[in-house]
Amino acid sequence: MPTASTSTLLPPGVSGAAFAAALDALRKALGTQAVLNAPDALAPYLDPFAPGDPTRFSPSAVVLPASVDDIRAVLNVANSARLPLWTVSTGRNFAYGGAAPRINGSVVLDLKRMNRVLEVNDTLGYALVEPGVSYFDLYEALRARGSRLWLDPPAAGWGSVVGNTLERGFGTTPYGDHAAQQCGMEVVLANGDVVRTGMGAMTNGTSWQAFKPGYGPSYDTLFMQSNFGVVTKLGIWLMPRPAGYRFGHFKFRRDTDLRAIVDTLRPLKLDDTIQSQGVIEHALRWAAGVSPRRRWYDGTGPMPEAAIDAMTHTLDIGRWNLRFGLYGPEALVEARLQVIRQAFSAIPDARLDATPYRSSDAEPEGGGDRSQIGIPSMAAFQMLNWRGGNGAHIDFSPVCPTTGADATTQYELIRATAQASGFDYYGGFTVAGRHMHHIFAAIFDKDDTAQSHAAHDLIESLIVKTGQAGYGQYRTHLAFMDLAASQYDFNGHALMRLSDTIKAALDPQGILSPGKQGILPRRYRS
């Protein structure tokens, strides 16, 4: 973990005396233990995977509210002192900045103490949670009550359900689009006003987590990837446990098969033959989950083609690998599988491994398959061992239309740029239907300064190059939020002007997460 500076860091535009007075006011409101500003206490709030200087995005203090009233008290102090707050649910959004603030010297508003599962409704299939609830927490809560509901975990199960949903995270089951499964929020605005969206706007409402819109305008998505309020409660729809399931793994021999894979998969996703998210993984991404790179190649620069061929042969995987899940009664699952098998038979040398049909009460032994039946894990962190040393990664996340031509264009551009910078192509696509998330990870040894800076420069270059080709990011690391936002340039960046207008109206002092997704109050722009 990086070590915080021993010098006193102040929020921008706040004097030392004003900052000390603000901290005293926060301690009085929340208690001494809920306000942190000692260097060792701040160290966990630096970016653990920083591509470059880890102190570039440093907090001046941390506050840990335990209730909505605590948050309102913090906002009162912050408005009076013009104190910038950086809100995190648990701060485990690694590869995108962790708990570090976008504006150096901000006070981190850490909501991890607000960690209650407030409701699980087995009849209607939803949960209502606070920001500090992780996927592990919700999973254990479902097990404890003997629930017949599955959650959909992201790659790392220790993250916040609220935080991941607000960042539009995704998983692998049929409920893998987390933002699409969200229903109903409670939000504290910058002025301390508490709002409930949708049917929650009724004091005695019965359908808060059942009907998204409510009456009149709908505001839930306004608070996703934004700095317009602090979300304190969130409803999430959960998947009813099916009768059973079966997993499929197609292996494709050639790099050039990607176009046909995507074009074959798209109609199967659009007509719901394949119910889960389709995950298309390159061989290197698959291999990084089970082995270190040195097992296959110990030289410098990107892995040669011959080494990749030898690796795929030994691991018995494809250059591209498609994973998917099928759910329901056995006869229906088998019928779906036959349609899928027939569709992919048109791709030469495609091989399918399919697990036996299992009751939903039976769990797979391990690995990524467990996430496809709602069991969170930390298996994704195995990738940190790929390059050796003190492993870290930073993610590049462009959205891709679900066409073979677009997938091939993105893959070839990213692979060539990465290899020119000395990085392997570690990546793949998660196919939701009409769009895919293309995730490429620049994996590096964070103790190697040259690798760290090269990873930074690579991601910066990729954002520009893909932007020029018409592909935007769905989220990005702190260091590139402004650059990613600048790619959305229609009509002289009209979308950002709209965000600025909303920000000024809801948060005139600019205290909530300044700089998030490039939305920067005017007083910080210099």
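In the hairpin of strand 5 and strand 6, which residue takes a positive phi? In this predicted model, that residue is Gly125, whose phi lies near 75°, and the hairpin has 4 residues between its two strands. The points below begin with the strands around this hairpin and then turn to the nonpolar cores.

**Strand 6 and its partners**

- Strand 5 (residues 117-121) pairs with strand 6 in the antiparallel sense, and the pairing runs over 4 bridges; within it, Val120 has Ala127 of strand 6 as its bridge partner.
- Strand 6 also pairs in the antiparallel sense with strand 10 (residues 230-237), over 4 bridges, and here Ala127 stands opposite Ile236 of strand 10.
- Along strand 6 (residues 126-129), Tyr126 and Leu128 point one way while Ala127 and Val129 point the other way, and all of them are buried.
- In a regular strand, the side chains alternate between the two faces of the sheet.

**The nonpolar cores**

- The largest nonpolar core has 100 residues, of which Ile280, Phe344, Phe429 and Phe440 touch the most other members.
- Helix 3 (residues 68-81) gives the most to this core, contributing 7 residues.
- A second, separate core has 34 residues, and Val133, Val161, Phe247 and Ala485 are among them.

**Contacts of Ile280**

- When neighbours within four places in sequence are left aside, Ile280 is in contact with residues including Leu258, Ile261, Val262 and Leu265.

Conventions. Residues numbered from 1 in each chain as written. Predicted model: local features only at pLDDT ≥ 70, side-chain atom pairs only at ≥ 80, totals over all residues. Heavy atoms only, no water. Core = buried A, V, L, I, M, F, W, Y, C linked by side-chain atoms within 4.5 Å. Buried < 20%, exposed > 50% of the residue type's maximum accessible area, 1.4 Å probe, protein only. Contact = heavy atoms within 4.5 Å. Pairing = 2+ DSSP bridges.
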